[in-house]
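Please look over the sequence and the model first.

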Amino acid sequence: MKKQYWWIIITYIIMQLSSYIGVPLFYELGVGDDENLNAGLFQAQAYWSITSFTAAFVIILFLLRHERKNNVRIEKASFGESAIWAVFGVFLAFFIQTIVGNIEIYVLKVNPMSENTQVIMDLIEATPYLIIVTSIIGPILEEIIFRKIIFGVIYQKTNFWIGALVSSLLFGIVHGEPELLLRYTAMGFTFAFLYYKTKRILVPIFAHTMMNTIVVIIQTIYHDEIENMMKQMEQIQIIIGGS
């Protein structure tokens, strides 16, 4: 693996772990509500996420600055084909997520509502600027790490299935919700497939960013309706499980 790839992965790991130091530091520096500890830490977490993700984004782009020049010539999809795959990828991602969501609900009997998504929505409500991280910077970083680097390196040495499986499982594990590992792994496979078909990382980046943006918009507009629907589904599961 290229030397700069290792530095990119290290940068990403540091970014993920930095909140343990950064959030308390921001709170002590007065970023957040001083009168309410929980609210203050929540706001500090949001602002630290913006800071750490942006810093990591800049560093990683800097590390990739010579990537195009150093790349071995490979046959990539044309601009038109890539555009079609990018748009199709958004619908494919939602289609796969719907299928996996039904498996989670009716087969695995798990709560389909992601705690990560709920926390992110609460953070966005407190700090709207966080949308930039959740909808743009975060997906771009994940596609660079898990598709371009991890999938790309393993795929070159093995095949699509091994590369997609390993990178997608790691993608799911990093999200920290074991009960939803199948969902995240399926999403990882979907984005790996888009990268595999086009050889252009911008294609899964577009699909991923659009998917996250649409989810955030829907969650923001229909927050109360979604919450009531999830409560009703939980009650139905309890009734079915107790019958």
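Is isoleucine 84 buried or exposed? Isoleucine 84 is exposed, with a relative accessible area of 60%; buried means under 20% relative accessible area, exposed over 50%, and partly exposed in between, with a 1.4 Å probe and protein chains only.

## Basis of the model

This is a predicted model, in which local features need pLDDT of at least 70 and side-chain atom pairs count only at pLDDT 80 or more, while totals for chains, interfaces and linings use all residues. Residues are numbered from 1 along each chain as its sequence is written, and side-chain values use heavy atoms, with hydrogens and water left out.

## The chain as a whole

The protein chain has 11 helices and zero strands. Helices (H or I, at least four residues) and strands (E, at least two) are DSSP runs, numbered from the N terminus. Of the 243 residues in the protein chain, 40% are buried.

Contact means heavy atoms within 4.5 Å. Among contacts in the protein chain between residues at least 6 apart in sequence, 74% join residues at least 24 apart.

Isoleucine 84 belongs to helix α5 (residues 79–106).

## Helix α6

Helix α6 (residues 115–126) has 12 residues, which at 1.5 Å a residue should span 16 Å; the end C-alpha atoms are 17 Å apart, which agrees. The expected span is 1.5 Å times one less than the number of residues.

Met121, Leu123 and Ile124 are buried in α6. Seen down the axis of α6, the buried residues fall within an arc of 160°, so they line one face of the helix; the arc is that of the directions from the helix axis to the C-beta atoms. Exposed residues Glu115 and Glu125 are on the face of α6 turned away from its buried side.

## Contacts of helix α10

The axes of α6 and helix α10 (residues 202–221) come within 11 Å and cross at roughly 70°. Axes are lines fitted to C-alpha atoms, for helices over the stretch in contact, and angles run from 0 to 180 degrees between N-to-C directions. Thr117, Met121 and Ile124 in α6 meet Val216, Gln219 and Thr220 in α10.

The axes of helix α9 (residues 181–198) and α10 come within 8 Å and cross at roughly 145°. Residues in this contact include Phe191 and Leu194 of α9, and Val203 and Met211 of α10.
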